[in-house]
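Here are some exercises to work through with a viewer open. Try each task on your own before you read its solution.

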Amino acid sequence: VFSHKPFLVLADYLTRCGIAVLRADKRGIGGSTGNYRQATTEDFASDALAGVQYLRSRNEIDLKRVGLIGHSDGGRVAVIVAAQSPSLAFIVMMAGPGIDGYDNLVLQDVMTAKERGATEEEAALIRSWVKRFYRIALEEKDDVTAKGKMQDLYAGRSPEEEHAFRLLKGWSLEIDNALSPYMRYELAFDPRPFLEKVKCPVLAV
């Protein structure tokens, strides 16, 4: 992340404190098999649960003290796993969402635009437009139809909307990415029912 390796720093610190750390590449990245482009957060949760089970098979690991630390989507992963695995000792959510994916992405885009200097009027235009954009990905199940609607939405932007969008460019606003299995799952995902089932200690940062 901007030439910094936060997960390496975190893993190194925990290791120096005598806490064993298991890190793995995501599906299809580095030495991992699978297709990252076709995976969803649910798949990543399955991978993390496999990691937990692996740790519990190691003689040097205290079975009662295995937990998960996740950043952003990793926070979602940690919540899903904790809800399914009551014996997990703890989870740490770093910038993990506490609202559904649709509302989270709309909020994220508006806040990003404001951080880049958007006025309240420009932020309102962006909020209105991205809500319609993500709503298509959320509700239109056919990719071809959804893509056409999104292209029409882009083509129909007013001059004011186009000017406001100079401040906002993101992976999630690229049509093909917005219609990926990962994004469709994220938009529909609500962490609250999972959070209600979590019984272990939680550190949310």
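**Exercise 1. How many cavities of 30 Å³ or more does a search of the whole structure find?**

The model is predicted, so local features need pLDDT of at least 70 and side-chain atom pairs pLDDT 80 or more, while totals for chains, interfaces and linings use all residues. Residues are numbered from 1 along each chain as its sequence is written, and side-chain values use heavy atoms, with hydrogens and water left out.

Step 1. Set the rule: on a 1 Å grid over the protein atoms alone, a cavity is a set of points where a 1.4 Å probe fits but cannot get out, whereas a pocket is an open set with protein on both sides within 12 Å along at least five of seven lines; lining residues have an atom within 4 Å of a point. Points are joined across faces, edges and corners, and a volume is the space filled by probe spheres set on them.

Step 2. The search returns one such cavity, and the volume of the largest cavity is about 40 Å³.

Step 3. Its lining consists of Ala82, Ser85, Pro86, Leu88, Lys197, Val198, Lys199 and Cys200. Sort them by class (Ala, Val, Leu, Ile, Met, Phe, Trp, Tyr, Cys and Pro nonpolar; Asp, Glu, Lys and Arg charged; the others, Gly among them, polar): five are nonpolar, one is polar and two are charged.

**Exercise 2. Describe the second largest pocket by volume and lining.**

Step 1. This pocket holds about 150 Å³ of space.

Step 2. Around it stand Tyr154, Arg157, Phe165, Arg166, Leu168, Lys169, Gly170, Leu173 and Glu174.

Step 3. Its lining splits into four nonpolar, one polar and four charged residues.

**Exercise 3. Classify the ring pairs Phe44–Tyr182 and Trp129–Phe165.**

Step 1. Rings of Phe, Tyr and Trp (its six-membered ring) pair if their centres lie within 6.5 Å; planes under 30 degrees apart are stacked, over 60 edge-to-face, and the rest tilted. The count comes to 10 aromatic pairs.

Step 2. The centres of Phe44 and Tyr182 are 6.4 Å apart with planes at 45°, so this pair is tilted. Phe44 belongs to helix α2 (residues 41-56) and Tyr182 to helix α9 (residues 181-188), so the pair ties together parts 138 residues apart in sequence. Helices here are DSSP runs (H or I, at least four residues), as are strands (E, at least two), numbered from the N terminus.

Step 3. Check burial (buried is under 20% relative accessible area, exposed over 50%, partly exposed in between, with a 1.4 Å probe and protein chains only). Phe44 is at 8% and therefore buried; Tyr182, at 14%, is buried too.

Step 4. For Trp129 and Phe165 the centres are 4.9 Å apart and the planes at 70°, so the pair is edge-to-face. Trp129 sits in helix α5 (residues 120-139) and Phe165 in the loop between α7 (159-164) and α8 (175-178), 36 residues apart. Both residues are buried.

Step 5. Trp129 and Phe165 also belong to one aromatic cluster, with Phe133, Tyr134 and Tyr154.

**Exercise 4. Which charged residues sit over the rings of Phe44 and Trp129?**

Step 1. The test requires NZ of Lys or CZ of Arg within 6 Å of the ring centre and within 35 degrees of the ring normal.

Step 2. Lys26 has its charged end over Phe44, 5.5 Å from the ring centre. Over the face of Trp129 lies Arg157, at 6.0 Å from the ring centre.
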